[in-house]
Amino acid sequence: MLPVDRSTSYQPVLSVNPYQPHTARIVRIYKMVEDNYLFTLRFVNEELARSFRHAPGQFIMLSVPGAGEVPISISSSPTRPEVLELCVRRVGRVTNALYRLKTNDLVGVRGPYGNGFPIHELEGSDLLFAAGGLGMAPLRSLIWYALDRRDKYNKITLMCGARTPMDMLFREELVSLVDRTDVTCLLAVDADPTGTWQNHICLLPSLFDHAEIDPGRTYAAVCGPPVVYKYILKRLLDLGFPKDRILMSLERRMKCGIGKCGHCSIGYMYTCLHGPIFTYWDAINLPEMI
Ligand SMILES: Cc1cc2nc3c(=O)[nH]c(=O)nc-3n(C[C@H](O)[C@H](O)[C@H](O)COP(=O)(O)OP(=O)(O)OC[C@H]3O[C@@H](n4cnc5c(N)ncnc54)[C@H](O)[C@@H]3O)c2cc1C
Ligand code: FES
């Protein structure tokens, strides 16, 4: 079993001390959904702001002064550099402290960490994205990376699900993709209390009934809560997807982010080093990975 190829990921921008974060300014805070805000950061050091690079699927360790540090996926695409967009759900101590900050306040950033998606391996293939809930946070970087380099990929299909239209992260952006002719964008909500939703009203896996997918030439990138993995993986396997063409972004509790503390281990692998992007093949060979 081989972990996802790391050759396309970027190494962290190091200070003398690997735990020392770089200072970044919050330049924009956008409320997408209640308790799910999009934070745009820019490094205070202009040279670092211009030179920082990441691969889609990599994450940073974000520190909020006085509260602590948490791993957060980079939601922006490397094709749109100089700022980092982070989609953060408010759940506890650190994320609550982040939500108390305002535009122009300072935070700390270490990274980028993790393997990221194997972007070169994906070139020339069809791509299928399936995201539920906060799963859009890591997938959005790869989605825009592929759309900004459209000629490098064949067919692109995007499936995204949420409970209601008001719960759909990046809703305006996703709805704007529905009319594009070079991508099949299928959006589903479980229910539409507003009565205004003009896309699908069904569960996310039912979107497969509206898509034409050739498993032999497609890579699937999947991210969402456990229920999404359960039903999306079943549909992919029923279609005959090879297990090493199903890519997933997985989360584990992390402390150091650099393979030192062991907090994120699954079997002999560290999510912060060998992940967070794993193939389904990895997942079935490691205990309790999903
Ligand atoms: C590689 C990676 C990428 C991530 N990307 C994002 C992202 O883009 N956006 C985002 O909002 N969150 C992301 N997370 C999750 C995020 O790190 C946690 O929500 C955060 O650490 C919570 O910190 P807190 O101090 O606010 O909450 P805490 O006070 O530590 O915890 C509050 C509650 O959240 C639960 N919790 C905390 N961390 C996790 C976790 N990793 N998985 C499941 N439950 C958890 C706790 O059990 C507790 O119930 C990512 C995690 C990893 C490992
Ligand atoms: S978070 Fe410390 S080893 Fe992964």
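1. In this predicted model, Arg 217 is partly exposed at 42% relative accessibility, and its side chain meets that of Asp 126 in a salt bridge with an N to O distance of 3.4 Å. Because Asp 126 belongs to strand S7 while Arg 217 sits in the loop between S10 and strand S11 (218-223), this pair ties together parts that are 91 residues apart in sequence. Asp 126, at 7% relative accessibility, counts as buried.

2. Glu 173 forms a salt bridge with Arg 140, the closest N and O atoms being 2.8 Å apart; with Glu 173 in helix H5 and Arg 140 in helix H4, parts 33 residues apart in sequence are tied together. Glu 173 counts as partly exposed at 21% relative accessibility, whereas Arg 140 counts as buried at 8%.

3. Glu 123 and Arg 149 form a salt bridge as well, their closest N and O atoms lying 3.2 Å apart. The structure holds 17 salt bridges, and Arg 42, Glu 46, Arg 50 and Glu 82 are linked in a network of them.

4. Strand S9 (residues 184-189) is mostly covered, since 5 of its 6 residues are buried. Strand S8 (residues 156-162) runs parallel to S9 and is joined to it by 6 bridges, with Thr 157 opposite Thr 184; together with helix H5 (residues 171-178), S8 and S9 make a right-handed β-α-β unit.

5. S9 also runs parallel to strand S10 (residues 200-201), joined by 2 bridges, and Ala 188 has His 200 as its bridge partner there. In the loop between S9 and S10 lies Gly 195, which is exposed at 63% relative accessible area.

Terms used:
Residues are numbered from 1 along each chain as its sequence is written. Chains are lettered from A and ligands numbered from 1 in the order in which they are written. This is a predicted model: local features need pLDDT of at least 70, side-chain atom pairs count only at pLDDT 80 or more; totals for chains, interfaces and linings use all residues. Side-chain values use heavy atoms; hydrogens and water are left out. Buried means under 20% relative accessible area, exposed over 50%, partly exposed in between (1.4 Å probe, protein chains only). Helices (H or I, at least four residues) and strands (E, at least two) are DSSP runs, numbered from the N terminus. Two strands pair if DSSP finds at least two bridges between them. A crossover is right-handed if, with the strands pointing away from the viewer, the path from the first strand over the helix to the second runs clockwise. A salt bridge is a side-chain nitrogen of Lys or Arg within 4 Å of a carboxyl oxygen of Asp or Glu.
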